[in-house]
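Hello,

Here is the structure I promised to pass on. Please have a look at it, and then read on for what turned up.

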Amino acid sequence: MKYASARPLADPETAARTLVEIASGIQPVQDGRVFIELINVPFLKQGGTGEQFSAAVALAQERGWLELHESGTYVRLRRQT
């Protein structure tokens, strides 16, 4: 008998890739900025949690996939070469 449901974004790598995929699908505002709440809501709707979102942002930042502004209000996707 299985009591817990599968957590689709429990793996930080998967969560970070999902986060970047969501961010790349959003029309950026001034200077390529994507407001964090426009990424957070779809991430949570896909089954993620707040902790998973934070871990995904940290990993994506570490890998150089996105840049989080010091205020935490927006991210900017980094161009891949």
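Let me start with Thr-18, which touches Leu-9 and Gln-46 once residues up to four places away in sequence are set aside; contact here means heavy atoms within 4.5 Å. Thr-18 belongs to helix 1, where helices (H or I, at least four residues) and strands (E, at least two) are DSSP runs numbered from the N terminus. With a relative accessible area of 14%, Thr-18 is buried. On that scale, buried means under 20% relative accessible area, exposed over 50%, and partly exposed in between (1.4 Å probe, protein chains only).

A word on the source before the rest. This is a predicted model, in which local features need pLDDT of at least 70 and side-chain atom pairs count only at pLDDT 80 or more, while totals for chains, interfaces and linings use all residues. Residues are numbered from 1 along each chain as its sequence is written, and side-chain values use heavy atoms, leaving out hydrogens and water.

Now to the helix pairs. Two packed helices are described by the angle between their axes and the distance between the axes. Axes are lines fitted to C-alpha atoms, for helices over the stretch in contact, and angles run from 0 to 180 degrees between N-to-C directions. Angles under 35 degrees count as roughly parallel, over 145 as roughly antiparallel, 65 to 115 as roughly perpendicular and the rest as oblique.

Helix 1 (residues 12-24) and helix 2 have axes that come within 9 Å and cross at roughly 125°, so the two are oblique to each other. Their crossing is right-handed; a crossing is left-handed if the near helix is turned anticlockwise from the far one by less than a right angle, and right-handed if clockwise. Ala-15, Leu-19, Ile-22 and Ala-23 of helix 1 are in contact with Leu-38, Ile-39, Pro-42 and Phe-43 of helix 2. By class, this contact has eight nonpolar, no polar and no charged residues. For these classes, Ala, Val, Leu, Ile, Met, Phe, Trp, Tyr, Cys and Pro count as nonpolar, Asp, Glu, Lys and Arg as charged, and the others, Gly among them, as polar.

Helix 2 (residues 36-45) and helix 3 (residues 50-62) also cross at roughly 125°, with axes that come within 10 Å. That makes helix 2 oblique to helix 3, and the crossing is right-handed. Here Ile-36, Ile-39, Asn-40, Phe-43 and Leu-44 in helix 2 meet Gly-50, Gln-52, Phe-53 and Ala-56 in helix 3. Those residues divide into six nonpolar, three polar and no charged.

For helix 1 and helix 3, the axes come within 8 Å and cross at roughly 80°, so these helices are roughly perpendicular to each other. Helix 1 contributes Pro-12, Glu-13, Ala-15, Ala-16, Leu-19 and Val-20 to the contact, and helix 3 contributes Gln-52, Phe-53, Ala-56, Val-57, Leu-59 and Ala-60.

What lies in the largest nonpolar core? That core has 20 residues, and those with the most contacts inside it are Leu-19, Ile-39, Phe-43, Phe-53 and Ala-60. A nonpolar core is a set of buried Ala, Val, Leu, Ile, Met, Phe, Trp, Tyr and Cys residues joined through side-chain atoms within 4.5 Å. Helix 1, helix 2 and helix 3 each supply at least two residues of this core, and helix 1 gives the most, with six. Leaving aside neighbours within four places in sequence, Phe-53 is in contact with Leu-19, Ile-36, Ile-39, Asn-40 and Phe-43.

- Gln-52 sits in helix 3 and counts as buried at 9% relative accessibility. Beyond four places in sequence, Gln-52 touches Arg-7, Leu-9, Ala-10, Ala-15, Phe-43 and Gly-47.
- Gly-50, also in helix 3, is partly exposed, with a relative accessible area of 46%.
- Thr-73 is in the loop between strand 2 (66-68) and strand 3 (74-77). Thr-73 and Ile-36 are 37 residues apart in sequence and 5.5 Å apart in space, C-alpha to C-alpha.
- Asp-31, in the loop between helix 1 and strand 1 (33-35), has a positive phi near 60°. Most residues other than glycine have a negative phi. Asp-31 is exposed, at 53% relative accessible area.

Best wishes
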